[in-house]
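Today I am looking up salt bridges.

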Amino acid sequence: MKIVRNKLLIIVLLCALSFEVSNNVYASESKRIINGNQEKSNVLLWSDEFNEEKINDNYWNVLGKKDMDYGYGSTLPFWLYDSNLCQAKDGCLTIKTQILWDNNQNCVKRERNSVTSSKIISKNLIEYKYGRIDIRAKLAKGQSIWSMCYLLGNSKYGWPYCGEIKFWDYLIDDNPQLFQTAVSKEFYSLRRDENAWKSKVQNVTTQFHLYSVEWSENSIKCYVDNKLTGCYERNFHSNKEIDKAYEGWPFDSPFYFVMECRPKWIIDGDNGKKGWTKISESDDISIYEDSMDIDYIRIYSLNKEKQTAKSINKKPEKGKIKSVKRIRKNHILVKFKKLKNAKKYHIQYAVNKKFKKAKIKTTKKLMYTIKKISKDKTYYIRVRGVNGTKKGTWSKVKKIKSKK
């Protein structure tokens with residue numbers, strides 16, 4: 001009896017050990033973190049060329065109905081994910097979206113799946129930290145379609161604390177523009193045209209273009225067709241104490257890919273179908289479709305020495321003061337113009353022309369109130385723009401005398 005018990009114990013231990021080993025193998029194989037910090041630059045570390053007739057499930061999760069979330073910016077309660085709309089075919093990843101139209105040229109809004117789209121992510125499969133990544137893509141052209149590709153931090157913090165790096169954000173509206181940016185708690189706006197880099201690249205819906213990100217320990221740089229569109233630096237922040245914290249620089253941990261193509265809103269009538277392709281028609285409903293195509297995704301190494309290269313942020317233009325006036329007895333209000341490439345502004349003031357013992361104040365607004373000035377003194381004031389480590393030229397000096 002004792003021998004039987006010992007044998008059973010050995011079997012149980014072997015099973016447990018086997019289960020633990022298999023779990024560890026599965027965990028290491030199912031999640032791959034690619035670190036682009038290498039001794040040599042431009043070494044290909046990972047790629048997906050989408051040459052197979054099937055999406056590689058070791059790399060990607062395709063969202064379906066059970067994964068439904070309304071997503072940022074959605075105004076469509078009748079919209080649903082459909083995993084069948086994301087396909088690998090003819091050497092491309094095609095991310096589709098579809099919409100149902102009735103005979104009155106209106107979107108069918110009575111059903112949950114009147115608008116369907118696809119979304120693909122690499123969370124817990126392929127994640128990425130530092131290096132250069134190239135994505136060759138052609139974006140959707142249908143009215144109101146939002147083409148997006150970005151990296152999100154796999155963090156316990158929600159957006160924007162987790163960090164985001166946009167390869168492209170392209171919405172077909174009255175004034176389509178391509179945006180790229182890096183997002184942190186300190187550096188983001190709900191307005192797409194603030195703290196984002198616009199690209200003037202043409203034909204993004206009819207031709208393939210190369211969208212790239214160089215991500216190092218000190219900066220994030222975005223490119224279109226190898227032309228720099230913007231740079232976000234680690235030392236951008238006004239508060240150096242949060243340099244490594246999730247509020248200001250959440251870019252020291254692995255990020256995962258998100259790619260999506262869907263309508264942001266619906267416009268009824270013929271204008272709403274502009275750019276879409278009709279793929280089927282019945283007596284009372286027609287189905288229209290459009291897509292975003294990905295040719296390849298490639299991740300390359302980035303040499304550490306090159307990561308510390310001199311910043312290529314653009315220098316702000318020369319400062320321009322609009323007005324300087326006294327408010328109350330001992331306050332001066334300074335207003336100035338918005339400067340190209342400026343992320344914040346320095347206001348310098350002193351009681352002598354040579355600005356000896358001058359004080360400098362920093363603001364992101366286009367005005368600043370100098371408080372508690374001395375009585376019966378002439379103050380000299382000037383302003384300049386700041387973009388990371390780049391500082392613009394000081395404005396012309398304005399002077400104003402305080403009250404006695």
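I start with the term: a salt bridge is a side-chain nitrogen of Lys or Arg within 4 Å of a carboxyl oxygen of Asp or Glu. Side chains of opposite charge can pair when their charged atoms come close.

I note my ground rules. This is a predicted model, where local features need pLDDT of at least 70, side-chain atom pairs count only at pLDDT 80 or more, and totals for chains, interfaces and linings use all residues. Residues are numbered from 1 along each chain as its sequence is written, and side-chain values use heavy atoms, with hydrogens and water left out.

**Entry: the count.** I get 13 salt bridges by this rule.

**Entry: Lys141 and Asp290.** I find a salt bridge here, with the closest N and O atoms 3.8 Å apart. Lys141 lies in the loop between strand E10 (131-138) and strand E11 (145-153), and Asp290 lies in strand E20, so the pair ties together parts 149 residues apart in sequence. Strands (E, at least two residues) are DSSP runs, numbered from the N terminus.

I check burial next. Buried means under 20% relative accessible area, exposed over 50%, and partly exposed in between (1.4 Å probe, protein chains only). Lys141 counts as partly exposed because its relative accessibility is 40%. Asp290 is buried, at 6%.

**Entry: Arg298 and Glu49.** Their closest N and O atoms are 3.0 Å apart in a salt bridge. Arg298 is in strand E20 (residues 285-300), and the two residues are 249 residues apart. Arg298 is partly exposed at 22% relative accessibility, and Glu49 is partly exposed at 25%.

**Entry: Lys166 and Asp169.** Are these two buried or exposed? I find both buried. Their salt bridge has its closest N and O atoms 3.3 Å apart.

Key. Helix = DSSP H or I, 4+ residues; strand = E, 2+ residues; numbered from the N terminus.
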